[in-house]
Amino acid sequence: MERQTLNELVDEIAQEFPDFKLVKKADSKFMKVLDVLLRIITFNQMKTFMTNFTTTIGDTVYTNTEWEKRSEVSRIVTLRHERVHMRQKNRYTSFGFSFLYLFFPFPIGLAYFRKKFEMEAYEESIRSLVFYHSLSVVQASRTRANFVKHFTSAQYFWMWPFKKSVERWYDGVVKELEDADPS
Ligand SMILES: [Zn+2]
């Protein structure tokens with residue numbers, strides 16, 4: 001992994017994905033509609049879609065309202081995560097990726113492919129955190145709990161109910177990084 005600045009990363013992503021662009025969620029009617037829909041289908045448990053979440057559709061990354069205030073490294077970690085989804089979309093085609101991500105085998109509760117895609121993308125987030133910060137950041141139990149919660153809560157429409165298996169996945173990724181750590 002190469003330590004890049006945010007601008008270098010943006011350039012690199014734009015080379016790999018010529019249609020790549022960053023759009024503010026607040027400027028997008030579509031995202032505003034999605035926000036309302038998400039509140040309805042999650043019984044208002046997903047209230048932070050506009051403020052806390054970055055959403056990628058196709059090669060457009062929609063940034064949350066806090067984006068500009070976040071540190072450069074935190075934005076880099078997020079963009080590296082989103083780039084994994086853009087690659088998955090190319091691997092499975094747009095339709096295939098969206099269908100599997102949203103609906104297969106179930107849209108809620110047991111969304112196997114959403115879990116699989118997010119595990120790949122969050123693994124990149126964890127690796128980037130270690131690379132740009134330190135191993136101790138991802139070893140912290142608060143970080144672990146945060147990552148695990150993405151999978152089991154309304155944040156991703158309760159994509160996977162088996163908390164233990166998500167914890168095992170997380171610990172496995174961290175273990176690999178610990179083993180690779182020279183210190
Ligand atoms: Zn993701």
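Predicted model: local features only at pLDDT ≥ 70, side-chain atom pairs only at ≥ 80, totals over all residues.

Which helices and strands each supply at least two residues of the lining of the largest pocket?

Author: Happy to. Residues are numbered from 1 along each chain as its sequence is written, and side-chain values use heavy atoms, with hydrogens and water left out.

Now to your question. The elements that each give at least two lining residues are helix 2 (29-41), helix 3 (49-52), strand 2 (55-57), helix 4 (72-92), helix 5 (94-103), helix 6 (112-132) and helix 8 (141-152). Helix 4 provides the largest share of the lining, nine residues.

What counts as a pocket here? On a 1 Å grid over the protein atoms alone, it's an open set of points where a 1.4 Å probe fits, with protein on both sides within 12 Å along at least five of seven lines, and a lining residue has an atom within 4 Å of a point. Rolling a probe the size of a water molecule over the atoms shows where empty space is left. Grid points are joined across faces, edges and corners, and the volume is the space filled by probe spheres set on them. For the largest pocket, that comes to about 1700 Å³. Its lining has 50 residues, and the closest to the centre are Phe53, Thr54, Glu82, Tyr122 and Tyr156.

The lining splits into 23 nonpolar, 20 polar and seven charged residues. In that count, Ala, Val, Leu, Ile, Met, Phe, Trp, Tyr, Cys and Pro are nonpolar, Asp, Glu, Lys and Arg are charged, and the others, Gly among them, are polar.

Let's stay with helix 4 for a moment, as arginine 80 is located there. Arginine 80 counts as buried because its relative accessible area is 7%; buried means under 20%, exposed over 50%, and partly exposed in between, with a 1.4 Å probe and protein chains only. Leaving aside residues up to four places away in sequence, arginine 80 touches Met1, Glu2, Gln4, Leu9, Glu124, Ser128 and Tyr132, where a contact means heavy atoms within 4.5 Å.

Next comes the metal. The zinc ion is coordinated by His81 (NE2), His85 (NE2) and two OE atoms of Glu118, at 2.0 to 2.5 Å. Histidine 81 in helix 4 and glutamate 118 in helix 6 link distant parts of the chain, 37 residues apart. Donors are N, O and S atoms within 2.8 Å of the metal (3.2 Å for Na, K and Ca), and sites may look incomplete, as water is not among the atoms. Along the sequence, the donor residues follow the spacing H-x3-H-x32-E. The angles among the four donor atoms run from 55 to 154°, and the site is irregular. For four donors, tetrahedral needs all angles between 85 and 135 degrees; square planar for four, or octahedral for six, needs opposite donors over 155 degrees apart and all others between 65 and 115; anything else is irregular. Histidine 81 is buried, at 4% relative accessibility, and so is glutamate 118, at 2%.

Now follow the chain into some loops. Between helix 5 and helix 6 sits proline 105, joined to phenylalanine 104 by a cis peptide bond with omega of about -5°. Phenylalanine 43 lies in the loop between helix 2 and helix 3; although not a glycine, phenylalanine 43 has a positive phi of about 55°. Its relative accessible area is 69%, so phenylalanine 43 is exposed. Phenylalanine 157, in the loop between helix 8 and helix 9 (163-180), also has a positive phi, about 60°, without being a glycine. But phenylalanine 157 is buried, at 18% relative accessibility.

One last stop, at the end of helix 2's stretch: isoleucine 41 lies in that helix and is partly exposed, at 42%.

Terms used:
Helix = DSSP H or I, 4+ residues; strand = E, 2+ residues; numbered from the N terminus.
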